[in-house]
Amino acid sequence: MTTPAHPGGWFVTRGPDAPRTPRVYAFAHAGGDPRSFLAWQSALGTEAQIAAVCPPGRGHRAAEPHPTLEEFADGAATAIRAAERDTGATAGRPVQLFGHSLGGLVAFETARRLRDLPTLRHLCVSGISAPVRAPSPRVRELAALEGREFAERLNFFEGLPPEVMAHDELMDLLLPAVIADFRMAADYRYRPAAPLEVPVSVIAGRQDAYLHPDRMREWKDECRTPPAVHWVDGGHFYFRDTSPRAATDLLLAAVRADRHTEVI
């Protein structure tokens with residue numbers, strides 16, 4: 001069963017919802033459906049709960065204006081604080097943030113805004129280069145395009161599937177959200193800040209044409225301790241190629257490590 005997690009319609013959840021069950025707030029890629037993360041709940045079992053982060057302008061919030069990336073992170077951080085206060089953060093429910101591609105950048109900025117949240121335990125970003133490199137020239141160029149030209153250039157990021165490209169009606173339905181998200185990414189301006197104190201994990205597909213070790217190294221400047229970088233088989237959407245286990249196993253490992261630390 002899928003249930004809304006308040007306040008403000010920011011989250012939807014599936015799975016265990018006890019005050020002490022760790023929660024993973026998950027941020028989707030550009031144009032992605034946040035609810036797709038709910039399928040990961042089966043891999044997490046009863047050890048953690050997925051909360052898909054639903055931004056303004058998407059899904060059940062489609063009537064709301066699309067935010068800037070800063071507004072997205074501000075709103076998500078405020079809603080996470082409120083959700084943890086309402087559902088027992090004082091009891092110590094551990095919180096993780098996960099984001100893929102654009103969602104990784106939003107998750108990073110959200111973590112910056114939650115650096116004083118005592119229950120924030122882990123940030124896991126996926127398919128995204130170091131924030132100081134954002135936005136890339138390719139993202140800026142793509143964000144300036146429209147229609148089929150945008151869709152064709154999106155193939156570099158393993159974008160729309162062939163069955164969508166073949167139908168103008170589906171293109172007209174799906175493209176506006178993707179374009180809005182790319183423009184959000186293109187308008188992002190990195191600002192230096194104190195390194196994050198929480199552990200940070202980075203996942204990258206070995207066949208991801210967008211990523212290269214040189215683009216990942218500067219993640220170390222965003223963390224008090226060096227991030228754990230995990231190169232996995234697959235492309236930009238490595239979790240579509242086989243299963244999400246490369247991500248969910250890492251999230252579970254962080255949950256278990258935190259539980260072990262608490263016991264000690």
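Strand E5 (residues 95-100) is mostly covered, since six of its six residues are buried, where buried means under 20% relative accessible area, exposed means over 50% and partly exposed lies in between (1.4 Å probe, protein chains only). This is a predicted model, in which local features need pLDDT of at least 70 and side-chain atom pairs count only at pLDDT 80 or more, while totals for chains, interfaces and linings use all residues. Residues are numbered from 1 along each chain as its sequence is written, and side-chain values use heavy atoms, with hydrogens and water left out. The protein has 10 helices and eight strands; helices (H or I, at least four residues) and strands (E, at least two) are DSSP runs, numbered from the N terminus.

**The whole protein**

- Of the 264 residues of the protein, 54% count as buried.
- Among contacts between residues at least 6 apart in sequence, 78% join residues at least 24 apart, a contact being heavy atoms within 4.5 Å.

**Strand E5 and its neighbours**

- Val 95, Leu 97 and Gly 99 point one way from E5, whereas Gln 96, Phe 98 and His 100 point the other way, and all are buried.
- E3 and E5 pair in the parallel sense over five bridges, and the bridge partner of Val 24 in E5 is Gln 96; two strands pair if DSSP finds at least two bridges between them.
- E5 and E6 run parallel and are joined by six bridges, with Phe 98 standing opposite Cys 124 in E6.
- E5, helix H3 (residues 102-113) and E6 make a right-handed β-α-β unit, and right-handed means that, with the strands pointing away from the viewer, the path from the first strand over the helix to the second runs clockwise.

**Ser 126**

- Ser 126 is in strand E6 (residues 120-126), and Ser 126 is buried, with a relative accessible area of 0%.
- Leaving aside residues up to four places away in sequence, Ser 126 touches Phe 98, Gly 99, His 100, Ser 101, Ile 203 and Tyr 238.
- The side chains of Ser 126 and Tyr 238 are joined by a polar contact of 2.7 Å; a polar contact is a pair of N or O atoms within 3.5 Å, where within protein one must be able to donate a hydrogen and the other to accept it, and residues adjacent in sequence count only if both atoms are side-chain atoms.

**Aromatic rings**

- The structure holds 13 aromatic pairs; rings of Phe, Tyr and Trp (its six-membered ring) pair if their centres lie within 6.5 Å, and planes under 30 degrees apart count as stacked, over 60 as edge-to-face and the rest as tilted.
- The rings of Phe 27 and Phe 72 have centres 5.9 Å apart and planes at 50°, so this pair is tilted.
- Because Phe 27 lies in strand E3 (residues 23-27) and Phe 72 in helix H2 (residues 69-86), the pair ties together parts that are 45 residues apart in sequence, and both Phe 27 and Phe 72 are buried.
- Phe 157 and Phe 182 form an edge-to-face pair, 5.6 Å centre to centre with 65° between the planes.
- Ring pairs also link Phe 37, Trp 40, Phe 98, Phe 237, Tyr 238 and Phe 239 into a cluster.

**Charges over rings**

- Arg 61 lies over the face of Trp 10, at 4.4 Å from the ring centre, and a charge sits over a ring if NZ of Lys or CZ of Arg is within 6 Å of the ring centre and within 35 degrees of the ring normal.
- Arg 215 lies over the face of Tyr 210, at 4.8 Å from the ring centre.
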